Amino acid sequence: MLRESFHNHTWRCNHAENTERDYIESAVRGGMTKLGFSDHAPYVFENGYYSGFRMKPEQIQGYFDTLEALKQEYKDKIDIYIGFEAEYYPKFFGKFLKLIADYPVEYLLMGQHFIHNEMDRMDSFHASESVEKLQTYVRQVAEGLSTGKFACLAHPDVLWFTGSKDIYQKEMLIVCEAAKKYNVLLEINLLGVRDGRVYPNPDFWEVAGQVGNTVTIGSDAHRAADVYDPKSYETAMGIVKRFGLNCVNAGEMIKGGHWLG
Ligand SMILES: [Zn+2]
Ligand SMILES: [Zn+2]
């Protein structure tokens, strides 16, 4: 049963719908016991670059105010946690950490939708046979994990590589080993299942099984109806069984000593 999910968005990212309360009600109806919000994190860039798929810095306060109030209101029904899903952008990561330092952030997910520093818009999620792009993703993710700030790597298999399986698995071994070394959970992403995307990618999870990574399941809900998603969860659990993965509840990620403000 899907009891805990720490990968859920809000309308602030400009590509999600419904209210935070709707998400919580959906989780409660499904019998979930822990729900984490991890909206696309605000990032401050330079030269007027504007990122349209994440909350703005001036929306952080409202995010916490709204969720803190709901956390109190629902405390007898479900435990609410507040975090962010963020890319690791080497050039701007320090400024990002400063930006959120004064807020009661409980955890960070890494979701590397873009590589480099986003401004050149090199995304992870379009088909590419470029080994160089694959290697850039791998190096950047491994470096991000080594910061110790991230509790979980969301959809580690978001990078869509159309080249050989051998090369893919050799590179992803670096990601899996880094996740293990820095005690970061790997997420099997239910949005990928729900939407029929290229992830979850069995070639990735085969490597995670060999490395012995600890994994978890995330709804990646962008609307209330997807918070509790038992059908996609069953598919994800099929991957867990197939590769003998050690799957834990999402709530484990706040025990890892990550994100110390
Ligand atoms: Zn999103
Ligand atoms: Zn997400």
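A residue counts as buried if 20 or more other C-beta atoms lie within 10 Å of its own, as exposed if 12 or fewer do, and as partly exposed in between, with C-beta atoms placed from the backbone. Strands (E, at least two residues) and helices (H or I, at least four) are DSSP runs, numbered from the N terminus.

This is a predicted model: local features need pLDDT of at least 70, side-chain atom pairs count only at pLDDT 80 or more, and totals for chains, interfaces and linings use all residues. Residues are numbered from 1 along each chain as its sequence is written, and chains are lettered from A and ligands numbered from 1 in the order in which they are written.

I'll start with strand β7, residues 214-218. Four of its five residues are buried, so β7 is largely enclosed by the rest of the structure.

Next, the sheet. Two strands pair if DSSP finds at least two bridges between them. The sheet is open, with eight strands in the order β1-β2-β3-β4-β5-β6-β7-β8 and parallel pairing. Its edge strands are β1 (4-5) and β8, each pairing on one side only.

What joins β7 to β6? Four bridges do, and β6 (residues 185-189) runs parallel to β7. Leu186 has Val215 in β7 as its bridge partner. Val215 in turn has Cys247 as its partner in β8. β8 (residues 246-247) is joined to β7 by two bridges, again parallel. Toward β5 (residues 152-153), β6 has two bridges, also parallel, and Leu153 stands opposite Leu186.

β7, helix α8 (residues 230-242) and β8 form a right-handed β-α-β unit. Right-handed here means that, with the strands pointing away from the viewer, the path from the first strand over the helix to the second runs clockwise.

Now the core. A nonpolar core is a set of buried Ala, Val, Leu, Ile, Met, Phe, Trp, Tyr and Cys residues joined through C-beta atoms within 7 Å. The largest one has 75 residues, and Phe150 and Leu153 are among those with the most contacts inside it. Helix α5 (residues 165-181) gives the most to this core, six residues.

Last, the helix pair. Helix α4 (residues 131-145) packs on α5 at an angle of about 5°, with the axes 8 Å apart. Axes are lines fitted to C-alpha atoms, for helices over the stretch in contact, and angles run from 0 to 180 degrees between N-to-C directions. α4 and α5 are therefore roughly parallel to each other, a label for angles under 35 degrees.

Terms used: Parallel < 35°, antiparallel > 145°, perpendicular 65-115°, else oblique.
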